[in-house]
Structure formats: structure tokens, C-alpha cells
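Open the model in your viewer and follow the stops below in order. Each stop says what to select and what is there.

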Amino acid sequence: RKFRALVESAKDLIYLIDGHGYITYINPAAAHRLGYDPEELCGTGRSLLSLVDPADRERVADALPRALGGELLPSFEFRMTHADGSVRWMAHTMVPFRNDAGTVVSVHGIAYDRTHRRAMEEQGARAERLADLGRMAATIAHEIRNPLGAIVNSVNLLAQPSAASDPRLLEVVT
């Protein structure tokens with residue numbers, strides 16, 4: 001009862017998938033995190049892949065047989081589709097579950113929502129790219145301003161009658 005209470009009250013997704021990739025159990029966090037009724041997900045024969053965003057489906061489809069083959073998949077991050085159509089970035093840890101004979105019979109998974117953190121990381125990356133562009137623009141402006149300053153000063157001196165015959169000033173301009 002203690003373990004069931006722990007799993008049922010967890011805010012992260014905790015799920016079991018059978019040897020064919022179908023969800024056999026998912027805790028109530030599925031309602032909050034993904035907008036699905038947990039009983040509906042288990043009772044309708046939904047596969048884990050049916051919840052995976054199409055952009056990540058092939059990658060997850062390649063990884064599931066590895067987990068079902070006995071490989072531990074820690075921090076496996078992929079997008080899942082919420083019932084409202086939005087996307088959630090989820091970091092999964094998938095652990096193969098073996099029977100007494102040592103055969104993998106299912107995979108136990110736990111996933112936490114990284115959507116907010118991922119958005120913050122992307123904003124930080126965008127800000128860094130903008131800062132890099134700003135630094136590059138400042139460097140280019142500096143590189144253009146220096147020769148232009150010399151040209152402007154030479155033209156101003158050439159405009160004065162006393163310097164009009166100085167060939168060095170014409171060299172700077174050309």
C-alpha cells in the first residue's frame with residue numbers, strides 16, 4: 001500500500017509497458033502532465049509510441065527494442081503529445097523488468113516534464129546567439145569606421161587650400 005500510494009501521488013509519470021510497447025499501467029500524473037485519463041490509456045491498448053510526438057517517434061521506436069532487450073535507458077529525452085495537441089518535453093528513465101528466469105517481460109519508466117526548463121535553455125541559447133551577433137556587428141562597425149575616419153579626415157584636409165597639393169592625402173583617400 002505504501003508503494004502504491006507513493007506511485008499514485010507522484011507528480012512525475014510512472015508507467016509500465018509490456019513486451020510489445022503497450023501501456024499496462026500509468027499513474028494519475030498522466031492526467032496532469034499529458035491530459036489523458038490513466039484508465040483510458042491502459043484500457044484501450046495504447047502504445048507508448050502513440051503518445052510520442054511524430055518528430056521523435058522513429059528515435060523512440062528504435063530505442064524501445066533496446067529497453068525490451070535489457071538495456072537501461074537513463075535520461076532519454078523526447079517529446080510527448082498532450083491531449084490538447086501541445087507538446088511536452090519529457091526526460092524518461094526506462095528500466096527493463098525481468099521475471100525470475102531473467103527474461104525481460106516489461107519496461108518500467110519514470111518521466112519528468114522538462115518543457116519549462118527546455119524553453120528556458122532555448123531562450124538562453126537565443127540570447128547568446130544574439131549577443132554573438134551584436135559582438136560581431138560591433139567588430140565589423142569598428143573595422144569599417146577606422147578607414148572611413150581616415151578618409152573623411154583626408155578629404156577635410158584636402159578641402160583646405162594649403163593642403164590641396166599634398167599627395168599623401170590623396171593616397172589615403174584612394
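Start with the cover over the buried residues of helix H4: it includes strands S1 (13-18), S3 (73-81), S4 (87-98) and S5 (104-113). Helices (H or I, at least four residues) and strands (E, at least two) are DSSP runs numbered from the N terminus, and cover here rests on contacts, meaning heavy atoms within 4.5 Å.

The model is predicted: local features need pLDDT of at least 70, side-chain atom pairs count only at pLDDT 80 or more, and totals for chains, interfaces and linings use all residues. Residues are numbered from 1 along each chain as its sequence is written, and side-chain values use heavy atoms, without hydrogens and water.

Next, select Asp-56, Val-60, Ala-63, Leu-64, Ala-67 and Leu-68, the buried residues of H4. Buried means under 20% relative accessible area, exposed over 50%, and partly exposed in between (1.4 Å probe, protein chains only).

Stay on Val-60, where H4 bends by about 30 degrees; the bend is the angle between axes fitted to the seven residues ending there and the seven starting there. Then step to Gly-70, which follows H4 and has a positive phi, near 115 degrees.

Move on to helix H5 (residues 115-158) and pick Leu-148. Is Leu-148 buried or partly exposed? Leu-148 is partly exposed, because its relative accessible area is 46%.

Of its 174 residues, 28% count as buried.
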